Amino acid sequence: MKKSIWKTDWQNAGETSSNNMEKTIPPIEKASYVEIETYQLNELRKVLHYVIGHSAFYKEHFKRNNISPDTIQRLSDLQKIPPVSKHDLQKHQKDFWCAPTDRIIEYTNTSGTEGEALTVPMTESDLKRLAYNEALSLACAGGSSKEIYQLTTTVDRRFMAGLAYILGARELGAGMVRVGPGIPQLQWKTIAEIQPTALIAVPSFLLKLIDYAESNDIDYKNGSVKKVICIGESIRNSDFSYNALGQRIKEKWDIPLYSTYASTEMATAFTECDAGRGGHLHPELIIAEILDDEGNPVVAGVEGELTITTLGIEGLPLVRFRTGDICAMHTEPCSCGRNTARLGPIVGRKHQMIKYKGTTCYPPAIFEVLDSLEEIIYYQVEIYSNEYGGDEVMVRYNAQESLFEKALTDRFRASLRVTPKLERISQETILSLVFPGTSRKAVKLVDRRSQLVIK
Ligand SMILES: [Zn+2]
């Protein structure tokens, strides 16, 4: 049995046994703002001691910037530490690793959204933390040991989230049916047999499941499934109303949808409660800041770049990691009783901002227009540079015959004030672009400005 290098406090902060987790919100989440801050400050200092002792990168990074654990006297002193970027992580991969090979029991990786996929090594303690994190997340979305989850994502291909759902459901004492991705027929056959109460699904796949049910006379509205944990795609606008994708689902199947946001690097999920007003931060697992372009914190409710510091991670802990994701943090108390901050929907990736014909937007705003037209079946957005160094946008799509290009053009003008270049292509061609065979996810965006393929 491998002993943990350091005892972290999340094990004490929360209720980790499967018997009481379902009934109790961990005390720290209902504590006052001051208590949460004091708690996080203490945890943060442990993290700094740990990374100085174990990470070649942070040892050097702190030395160069004259940072020691004593630099941090209050939580806001975190701002004295220069943030690290995805580029730093890619360039110095193993210098971030804090555990020797004989302690690493899982090698997960990122989906390779930006350049090379990044390996995230995990120790026994990290897997326990991941289980705790996901149990908290599922419980936040109303889960308990009575729940039976049907998982419609992959669990292999080094996918951390798939593993997290399994471990989290187990920690919660809930049931789990691992059907895996795709194959609507098998999903519905399993639903009929096992009677799961909740699906864990990518929202656009949920639409496909509904389509299949409708064309095969499956009475999905009166079945066992009573909620969906939505992953990978946003279902809400910044004001928490449903976006086009969320609306399309709700119009067909009016069951509770819980949005969740997570990433492999942070190994932590932000999941909505019943209030549906942003994903809750769990203070025993992560510290989150929202920074402007100059690296200064913005006030609550204002969008900026999510920057995180992980708590309690042994393998690849991160201190002030700039995620590249743009969102706002909301700090007013939530009706669920938690006093923890919540993250609003991700509006885009920082470096993916498009400057196009005098207007600026992030790719999800383009997806939103395409998702709002039911006639569009598949699409891919390509961004590239023109000869003057400006951005160009090309949308390739496949649609039902009833859709005229003018309807699409009008929709773009109304929402974004400009229309990208449009190209209607065959289903076969679009499928080969969107599902190239090597990706864990559908490729909706190709950003050729920096030769990056975004998945
Ligand atoms: Zn809440």
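Helices and strands are taken here as DSSP runs, numbered from the N terminus, and on this basis Asp217 is placed in the loop between α10 (203-215) and β6 (227-230) of the predicted model. Asp217 has a positive phi of about 55° although it is not a glycine, and with a relative accessibility of 75% this residue counts as exposed. A positive phi, of about 60°, is also found at Gln195, which is likewise not a glycine. Gln195 belongs to the loop between α9 (184-194) and β5 (198-201), and its relative accessibility of 43% places it in the partly exposed class, because that class covers values between the 20% limit for buried and the 50% limit for exposed residues.

The zinc ion is held by four donor atoms, namely SG of Cys273, NE2 of His280, SG of Cys334 and SG of Cys336, at 2.1 to 2.3 Å. The angles among these four donor atoms run from 102 to 116°, and the site is tetrahedral, because four donors are assigned to that geometry if all angles lie between 85 and 135 degrees. Along the chain, the donors of the zinc ion follow the spacing C-x6-H-x53-C-x1-C. Cys273 and Cys334 are both buried.

Two helix pairs were examined for their packing. Two packed helices are described by the angle between their axes and the distance between the axes. For helix α4 (residues 33-54) and helix α5 (residues 56-64), the axes come within 6 Å and cross at roughly 110°, which makes α4 roughly perpendicular to α5. On the α4 side, Leu48, Val51, Ile52 and His54 take part in the contact, and they meet Ala56, Tyr58, Lys59 and Phe62 of α5. Sorted by class, the contact of α4 with α5 comprises six nonpolar residues, one polar residue and one charged residue. Helix α4 also holds His49, which is exposed at a relative accessible area of 55%. The C-alpha atoms of His49 and Val155 are 34 Å apart in space, and the two residues are 106 residues apart in sequence.

In the second pair, helix α7 (residues 124-140) and helix α8 (residues 160-172) pack at an angle of about 75°, with 7 Å between their axes, and α7 is therefore roughly perpendicular to α8. Helix α7 contributes Leu127, Leu130, Ala131, Glu134, Ala135, Leu138 and Ala139 to the contact, whereas α8 contributes Met160, Leu163, Ala164, Tyr165, Leu167, Gly168, Ala169, Glu171 and Leu172. By class, 13 nonpolar residues, one polar residue and two charged residues make up the contact of α7 with α8.

Attention was finally given to Ala399, which lies in strand β18 (residues 391-399). Ala399 counts as buried at 12% relative accessibility, because the limit for that class is under 20%. When residues up to four places away in sequence are not counted, Ala399 touches Glu375, Ile376, Ile377 and Arg424. Ala399 and Gln427 are 28 residues apart in sequence, and their C-alpha atoms are 8.3 Å apart in space.

Conventions. Residues numbered from 1 in each chain as written. Predicted model: local features only at pLDDT ≥ 70, side-chain atom pairs only at ≥ 80, totals over all residues. Heavy atoms only, no water. Donors = N, O, S within 2.8 Å, 3.2 Å for Na, K, Ca; no water. Tetrahedral: all angles 85-135°; square planar, octahedral: opposite > 155°, others 65-115°. Buried < 20%, exposed > 50% of the residue type's maximum accessible area, 1.4 Å probe, protein only. Axes fitted to C-alpha atoms, helices over the stretch in contact; angles between N-to-C directions. Helix = DSSP H or I, 4+ residues; strand = E, 2+ residues; numbered from the N terminus. Parallel < 35°, antiparallel > 145°, perpendicular 65-115°, else oblique. Contact = heavy atoms within 4.5 Å. Nonpolar A, V, L, I, M, F, W, Y, C, P; charged D, E, K, R; others polar.
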